[in-house]
Structure formats: structure tokens, C-alpha cells
Amino acid sequence: FNPHRSQMAKLAITSAENTLYDQLLASASEDPAVVKSGGLKCQRDSTLKEFTSKIAAVASTDAKTFLVLEDTIFFPTGGGQPYDTGKLVWGTDDSCSCSVLGATNWKGINILALESPPPGLEVGTEVTQHLDWSRRWYHTQSHTSQHILSACALLHDIDTHSWDLNESGVSVDFKGANIEKFLSEIEEASNAIVSKNLKVEASWLDVESEEFKSTVRSRLLPAGLTGPIRVVDIPTVDKSTCCGTHLTYTQQAGLIKILSTTKAGKGILRINFGSGDFLRRQLEDYCLHVNKLGVLTKDKNLEKQMAKIEAVYEEKEKLKKGVKNLWSELAVLKSEKLSKAALESYDVNKGLSACDLGPENDADRDVCKEIATSYLQGLNSKPGVCLILAGSDPMTIYIQESEGLGVVDNQGKEVVKVLGGKGGGKKG
């Protein structure tokens, strides 16, 4: 069901690890005890936090160890859902342990990536798997919520183009006409489904069966796929192919809330939403920030807080503009003074000596232009004058020359190239 936009949810695999994965695949494929992806323990029972199994294949690099278990509750990236993390424990009295960094579905075999573990991990070793349950629960609540939202959107002829789930939030890309018009109805219908506490069930159906063809919504199935495939069913709401972990009852989603929207292409609207524990944490952060604003603004009313913040921002912009005007006036006065001093010490053979405008502030482009223009106007009777001004934050070089000198035209682009900057010189 629905492709996953973000590649960040997948474990990065080096070429050396690629070779190890193929070796593990060859070893595990010969073991009849190894459960293939699609029928893993995490896909048969998404509620397990711990599970014991034996190692079927293991291989290591200098930095990591990779292994295949006969069965696992560690979900590999798939169907838009990121991989699980956690730890393995083994040995006498569970004395040995190591972190599970992630899981990858490699050509049907689930391979776990571990930090370099202590000795004792070998084929046949029995290990107890412990999930990072807060991560899994977030994924599970979000995934079931996405199915519900997508099903409700489909009632308005709005298709799900893709979706994304990561640590910072979850979003779904809707494709259709007048999407914004139906968002409140989609959210309301989704929460009505949540409140009904419908049972969410996974089953395996043959893709050639009449039940699959007539009742299951499926996308992007591999060509030539045969045999049973996992289907997630929310009765009367949605029945679609999916490999991910899901809630047992819809009420476990708590609440589904659309948080914001952004354009994501022609006819596509990205819906950022939250549910369950993620939404609760968002609300806690929101309340914390509101309370902090209340202390700063000495007002508990949010609308009044925003009004005061906007007033402070507007005042800041006015002051910023006033400071800039004052700096411009000071720069002109100073450049006039310097040009007068330069004229008094002018030597036709030596030209003008360098001068320092002082440490007041790094001038922006507009102020640089005012300084240069005023300075050169004071020296308009002297040919061949080139003024170079520089600021350090951000790094800016401004060059202005008397008419006909040609420094900017001849050397300007070369200077920009050396400095790795941008700009090419404008006349005037």
C-alpha cells in the first residue's frame, strides 16, 4: 500500500555489506526454520514487545554485525513504515546484550544490523528480542491512522499518492480535486471510525482468489506475484494489502488531527497529521510554549500574546530601519571627510593611500554603495580611483571605480571566482 517518499527510513548499505547480505541470504534460504518477510512474528502479532528466537545466520564487518533470526518481532522498512530498533539479550542470566540498529528486508529475508556485540553470537544461539516500544507504537498508531484517513479521503474521490513517516512527524499526499474543501469532513469521518473501536485484523489471501480481487484495495504489487499476500482489514472502512504493523482496535489511535497542509505538486496536497501519543506530545509542547509566552508577555490569553509579539516585531523592524538610516548618514559624512583628506594628500605619481572607515559595523550592500558614491564624488576631479570596501559578516566585497578605469569589467569576475562568491559587477 502506498509508496514511502523518504529514503531516510532505509538503512544505508555499503557495497561490502551488500556482499554480506547476499551471503546471509544464501545461508538463511537453506534453513526451513527461517520465516520470510510477509509472515514475520511482528506481522502476525504487532503487540509483542519481547520474543525469543534462534540465530540462523550471522556475519560481521569491523563496525557492525548482521544476522538473520529464525523469526523476529523487528519490523524491516516497508510499506511506508520505518524499521524497528531495540536490543538483543542472550547468555547465562541474560548477561550479554547489544543494540539493534535496524532491520532490512533483503530479497525476502529480514536482516538485523547490530552494533559490534560481545562474543557469543553464533548460529544456533538463542536470543531474546526487546523492541524500542515507544518507536514501534508511534509507527503503529501513525500507520493505522494513515489507512483510516486515506479510506475516508477516497470517499471524496481523493487518492493517496504517497505517505511519509519519520521521527519529526507523519504526512500523506492526497491527489484529487478540491481537496481543501473536504479536509474537515475527512478528519471528522476518521475520528468517527476511531471512536467505533473497530477491530483491525491481518490475514493472508491468494492474489488470484475471488475474495482478493473483489474486496481488496492494492497498489504496486510485483508483476507475477503468486500465493498468499498480507491484507489489513478495518471492517466497513478499508481492506488493503499492507506489510506494516497495525493497532488491534481503531480506538487505540486516540485522536486523528490534521495539523497543516502544503502544496506538493500539481493536484497534490500534503497533509501533515498526528495521532495518539505523537499528538499528545505535540499538545504538551504547544502548552509549554504558550506558558512561556505567557510569562514573557505577562498575558495568558493566546490571542493577546500574539498581538503583543506582532507589535514587538513591528517595532523591531522600525528600529532596524532607523539604525540603517543613521548608519547611512554617518557613512556619507565620514566618506566626505576622508575624500577631503585624500585630496589634500593626493600625489599624481603615487595616487591615493588606503584609508580605514572604522570599526562601526560591517556595511551592507546599500550602505557600501552610499559610501563609495559619496567618496568618489569628492574625488571627481581625479582619474583612476578605485574604492574597495569589505565586510566580514557575511563576507562582502564592494568595488566602485571612477569612469573608464575598467577594474570591475576586467578583474571583477576573476575576483568572484577566487573568493567562491557570486556577482559579476554592475555599472553605475
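Predicted model: local features only at pLDDT ≥ 70, side-chain atom pairs only at ≥ 80, totals over all residues.
Glutamate 284 is partly exposed, with a relative accessible area of 43%. The side chain of glutamate 284 meets that of arginine 280 in a salt bridge, at 2.9 Å from N to O. Arginine 280 is likewise partly exposed, with a relative accessible area of 40%. Both residues lie in helix H6, 4 residues apart, which is about one turn of the helix. In general terms, an α-helix has 3.6 residues a turn, so residues three or four places apart point the same way.

Let us stay with helix H6 for a moment. Leucine 283 is also found there, and it belongs to a nonpolar patch on the surface. The members of that patch are Leu283, Tyr286, Leu302, Met306 and Ile309, and together they present about 430 Å² of accessible area. Which elements give two or more residues to the nonpolar patch? They are H6 and helix H7, the latter running over residues 302–344. H7 provides the largest share, with 3 residues.

Phenylalanine 278 lies in H6, which spans residues 276–297, and its partner, tyrosine 138, lies in helix H3, residues 133–154. The two are 140 residues apart, and the pair thus links distant parts of the chain. Tyrosine 138 and phenylalanine 278 are stacked, with 5.4 Å from centre to centre and 25° between the planes. Are these two residues buried or exposed? Tyrosine 138 is buried, with a relative accessible area of 8%, and phenylalanine 278 is buried as well, at 7%.

The structure holds 4 aromatic pairs. Another of them joins tyrosine 21 and tryptophan 106, with ring centres 5.0 Å apart. The planes of these two rings stand at 85°, so the pair is edge-to-face. Here again the pair links distant parts of the chain: tyrosine 21 is in helix H1, residues 15–29, tryptophan 106 is in strand S4, residues 96–106, and 85 residues separate them. Both tyrosine 21 and tryptophan 106 are buried. Together with Phe66, these two residues form one aromatic cluster.

I return now to helix H3, which carries tyrosine 138. H3 has 22 residues and reaches 31 Å from its first C-alpha to its last. That span is close to the 32 Å expected at 1.5 Å a residue. The helix is mostly covered, with 19 of its 22 residues buried.

Arginine 135 lies in H3, and glutamate 167 lies in the loop between strand S7 (159–166) and strand S8 (169–175), so their pairing ties together parts that are 32 residues apart in sequence. The two side chains meet at 4.0 Å, N to O. How does the exposure of the partners compare, and which of them is buried? Arginine 135 is buried, with a relative accessible area of 17%, whereas glutamate 167 is exposed, at 72%.

In total, the count comes to 12 salt bridges. One further example joins the side chains of arginine 217 and aspartate 238, at 2.4 Å from N to O. Arginine 217 lies in the loop between helix H5 (210–215) and strand S10 (228–234), and aspartate 238 lies in strand S11, residues 238–241, so this pair ties together parts that are 21 residues apart in sequence. Aspartate 238 counts as buried, at 6% relative accessibility.

Next, the cysteines. How many disulfides does the structure hold? The number is 0. For cysteine 96, the closest cysteine sulfur is that of cysteine 98, and the 9.3 Å between them is too far for a bond. Cysteine 152, for its part, counts as buried, at 3% relative accessibility.

At 0% relative accessibility, threonine 250 counts as buried. In sequence, threonine 250 and asparagine 191 are 59 residues apart, while in space their C-alpha atoms are 9.2 Å apart.

Note on methods:
Residues numbered from 1 in each chain as written. Heavy atoms only, no water. Phe/Tyr/Trp six-rings, centres within 6.5 Å; stacked < 30°, edge-to-face > 60°. Buried < 20%, exposed > 50% of the residue type's maximum accessible area, 1.4 Å probe, protein only. Expected span 1.5 Å × (residues − 1). Patch = residues over 30% accessible without salt bridge, like charges linked within 9 Å, V, L, I, M, F, W, Y side chains within 5 Å. Areas by Shrake-Rupley, 256 points an atom, 1.4 Å probe, with all protein chains shown as cover. Disulfide = S-S within 2.5 Å.
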